[in-house]
Amino acid sequence: MRRILALFLVIAAPLGAQMAYKQPPAAIAKILDTPPTPAASFSPDRSKMLMTERNGLPPISDVGAPYLRLAGTRVNPRTNGSWREAFARGLIVLPVGSSTETRIQTPPGAKISHVMWSDDSRKIVFSITGGDGIKLWVADAATGAAHKLTDLALNAIANPCSWMDATDIICQTIPAGRGVAPAAPEIPEGPIVQEADGHKNPAPTFEDLLSSPQDEKLFDYYFPSQLAIISLEGTVTKLGAKGIHLRSSPSPDGKYVLVSTVHRPYSYQVPEARFPALTEVWDRTGKVVRKVQDTPLQESAPRGMDAVEAGPRAVSWRADAPASLVWVEALDGGDIAAQVPKHDHLLSLSAPFAGAPTELIAVDSRIGGGRGGSVTWARSDFAIVSEASRKNRKARTWAIDPTNPSQAPRLMWERSTDDRYGDPGRFELARGPFGDNVLLTSKDGKFAYLTGAGSSPEGDRPFLNKYELATGKSTQLFRSEAPYYENVSTMLDADANRIVTIRESVNEVPNYFVRDIAANKLTQLTHAKDPAPEFAGVTHEFVHYKRADGVDLTATVYLPAGYDKAKDGPLPFFLWAYPAEFESVAAASQVSGSPYRFTRPSGASRLMMLTQGYGVMDNPTIPIIAQNGGKPNDTYVQQLVAGAKAAIDKIVEMGVADRDRIAVGGHSYGAFMTANLLAHTNFFRAGIAESGAYNRTLTPFGFQNEERTYWEATEMYTKMSPFTYADSIKTPILLIHGMADDNTGTFPINSERLFAALKGTGGTAKYVQLPAEPHGYRARESIGHVLAEEVAWLDKYVKPKVKVKAD
């Protein structure tokens with residue numbers, strides 16, 4: 001069966017010979033093999049930092065090991081965990097303001113994940129993956145002493161555990177007596193049949209779906225779990241019956257659990273998240289207290305950006321109350337086009353969960369943009385609710401009084417979601433009286449705090465503002481100043497006297513600092529080192545320029561270490577981009593990014609080419625803007641070409657790029673861009689396209705932000721597809737694709753068929769297939785090979801001053 005992929009590279013029909021993995025040039029290999037900088041997180045009381053020592057790139061023996069593709073999820077059958085789990089190798093506790101480190105005492109070679117602080121900041125819970133499964137551990141943050149809590153193996157396909165209360169954890173465990181996994185039949189038992197019933201059931205091109213009765217058996221084997229309450233003393237109490245529990249979320253007071261359990265019928269068209277699911281409230285004995293919703297199979301959800309399923313969605317607990325359910329429900333049956341006074345409302349129901357819920361607010365679009373998660377709880381009489389329309393790119397934020405639903409909500413702000421300059425930021429949160437995150441307010445309760453990117457014409461300048469809840473007045477407390485990029489990480493006190501920031505500059509490594517705002521004093525907390533000192537001599541410039549029609553554009557231009565324009569002259573250049581759609585010129589012209597970031601490459605980064613004598617133009621803005629009342633993609637190709645020409649003109653004008661030695665590249669939608677530019681221009685010497693989609697008929701129900709179907713906009717789909725113009729692509733193009741691509745829409749067949757078309761029409765191309773790799777490449781061997789191929793491709797077709805003829 002295709003679901004076990006150990007032999008994927010063998011059974012997938014190759015278009016050429018298989019070869020051994022290549023190594024990139026030594027300078028690149030050294031960077032790839034450098035361990036990543038530890039990641040930091042803060043304890044709930046903000047008194048401690050937890051430094052997570054991360055592993056480097058995983059070997060292909062891990063990435064390519066057998067796994068299962070079931071209902072939109074990739075499962076490691078050896079551990080019953082997620083195939084893509086990223087492990088840490090060590091944990092270190094560092095008290096804020098102290099240099100004394102405490103290492104958590106884990107076994108040598110431990111594979112650590114699922115790390116959680118306790119609410120009192122004294123304990124750290126985590127899992128360790130071993131040969132006998134995934135086990136739960138606990139550590140004392142003060143001493144570092146750690147031990148395994150139980151021999152029960154966790155079912156960690158999704159996040160397996162949550163804190164129930166101060167001493168108990170609720171976990172999904174492997175059911176006892178499960179037996180061995182069902183073996184695939186050696187002889188087919190019959191045909192696989194699917195039917196359409198005459199109703200419109202459009203769906204995205206999801207990956208990794210169930211596709212056979214054997215898949216269903218495997219799903220029923222690996223996904224069920226037995227919920228269990230595990231105490232810090234190691235006692236285990238089973239909770240309820242085993243089932244395919246999508247989630248198990250304890251109430252803030254720990255007395256109830258919100259459980260969503262998947263049931264049949266399953267689907268071969270949509271992933272597990274759209275399967276039928278029964279959502280209930282259980283008490284701590286497993287007794288059902290309230291049935292919230294039995295959501296049907298979501299194969300026929302309304303179409304469109306703002307379409308949602310009917311019935312309760314985003315069911316969760318109010319963070320400001322002991323045990324109060326809250327959810328969002330559509331008032332239009334899920335169809336935003338329906339003519340109704342309001343489209344969404346927010347409902348709440350408190351323990352003991354009897355009677356009808358209370359409506360807290362009704363809105364004109366979708367709460368949380370359709371996902372329903374944009375509610376910030378503060379106290380019983382104050383909460384903040386955000387609504388948004390993806391289609392119209394508009395958002396509103398309201399203040400409500402949950403104790404007085406009849407009181408009209410107060411509009412806090414209204415804005416375009418495209419307007420980065422006008423983004424007021426997000427509210428800072430803190431642990432509330434019931435352990436969950438609530439709005440962080442000043443000690444007198446009058447002020448909240450907003451942090452954000454601070455986008456501006458000068459670039460991003462992160463900020464911290466004090467927001468007066470009664471009046472809506474916002475006062476700036478801190479904003480990043482040149483020549484630094486300084487971002488707020490957390491606040492150390494409720495009145496914002498001391499904050500923790502991450503501070504960096506072009507030449508200074510990002511590190512954590514305590515900033516005393518009143519005293520304007522900085523105290524360094526961490527001392528991370530340069531992970532790639534080879535890049536210390538690389539220079540970069542944040543540049544502004546215009547498209548021919550006057551649209552403002554930006555990019556970052558990187559030059560190799562030691563480059564001297566007067567001495568070395570114009571360089572061969574590599575332009576790497578990703579187009580974006582906008583509804584207005586004003587939004588498309590806004591600046592994003594900062595000229596003061598400390599930049600070092602990692603993974604399959606285009607910046608690695610700087611070690612090989614190339615200049616790099618990174619992320620030049622390629623806006624695709626709605627024009628003359630139409631849709632952005634109506635003039636996609638014309639605007640793509642105009643954006644690329646403007647970028648090339650800029651680096652040539654700067655005197656750093658040789659117009660005749662420029663390559664273009666991109667990943668995913670950037671690869672789609674690359675193929676289109678090679679089909680419609682002769683601007684470039686070569687192209688590199690990673691994991692792209694090149695035939696839009698393979699995504700007939702929309703792509704990116706395009707809502708129209710292929711049958712509604714056939715001409716647009718055809719013209720946007722570089723496959724249509726494969727016979728016009730005569731510039732050498734390197735196609736790279738993960739053979740196990742898991743991204744919606746970018747099936748590997750896209751690259752396979754484009755390569756076949758190029759070969760058949762006389763194009764110059766190379767197609768590299770990466771065994772076992774998903775959309776984002778993971779294995780050290782794969783990433784090294786990608787970079788080796790890309791360097792060789794550019795060296796052959798771009799670096800020579802005399803254009804190389806195709807072989």
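A nonpolar core is a set of buried Ala, Val, Leu, Ile, Met, Phe, Trp, Tyr and Cys residues joined through side-chain atoms within 4.5 Å. In this predicted model, the largest such core has 57 residues. The protein chain has 11 helices and 47 strands. Its radius of gyration is 27 Å, close to the 28 Å that the globule rule gives for 807 residues, so the chain is as compact as a globular protein of that length.

**Nonpolar cores**
- Within the largest core, the residues with the most contacts are Val557, Phe573, Met617, Tyr636, Ile651 and Leu735.
- Leaving aside residues up to four places away in sequence, Val557 touches Phe573, Met617 and Ile651, among others.
- The partners of Val557 also include Thr539, His540, Glu541 and Val543.
- Val616, Met654 and Val656 touch Val557 as well.
- Another core, of 31 residues, lies apart from the largest one. Among its members are Leu610, Ala686, Leu770 and Val791.
- In soluble globular proteins, nonpolar side chains tend to be buried together.

**Overall dimensions and packing**
- The C-alpha trace of the protein chain spans about 80 × 75 × 60 Å along its principal axes.
- Of the 807 residues in the protein chain, 54% are buried.
- Among contacts with a separation of 6 or more, 58% join residues 24 or more positions apart.

**Surface and charge**
- The protein chain has an accessible surface of about 34200 Å². Carbon and sulfur atoms account for 52% of that surface.
- The chain carries 86 positive and 88 negative charges.

Definitions and conventions:
Residues are numbered from 1 along each chain as its sequence is written. This is a predicted model: local features need pLDDT of at least 70, side-chain atom pairs count only at pLDDT 80 or more; totals for chains, interfaces and linings use all residues. Side-chain values use heavy atoms; hydrogens and water are left out. Helices (H or I, at least four residues) and strands (E, at least two) are DSSP runs, numbered from the N terminus. The radius of gyration is taken over C-alpha atoms; the globule rule is 2.2 Å times the number of residues to the power 0.38. Buried means under 20% relative accessible area, exposed over 50%, partly exposed in between (1.4 Å probe, protein chains only). Contact means heavy atoms within 4.5 Å. Accessible areas come from the Shrake-Rupley method with a 1.4 Å probe; for residues, only the protein chains shown count as cover. Lys and Arg count as positive and Asp and Glu as negative; His and the chain ends are not counted. The place of a charge is taken as NZ of Lys, CZ of Arg, CG of Asp or CD of Glu.
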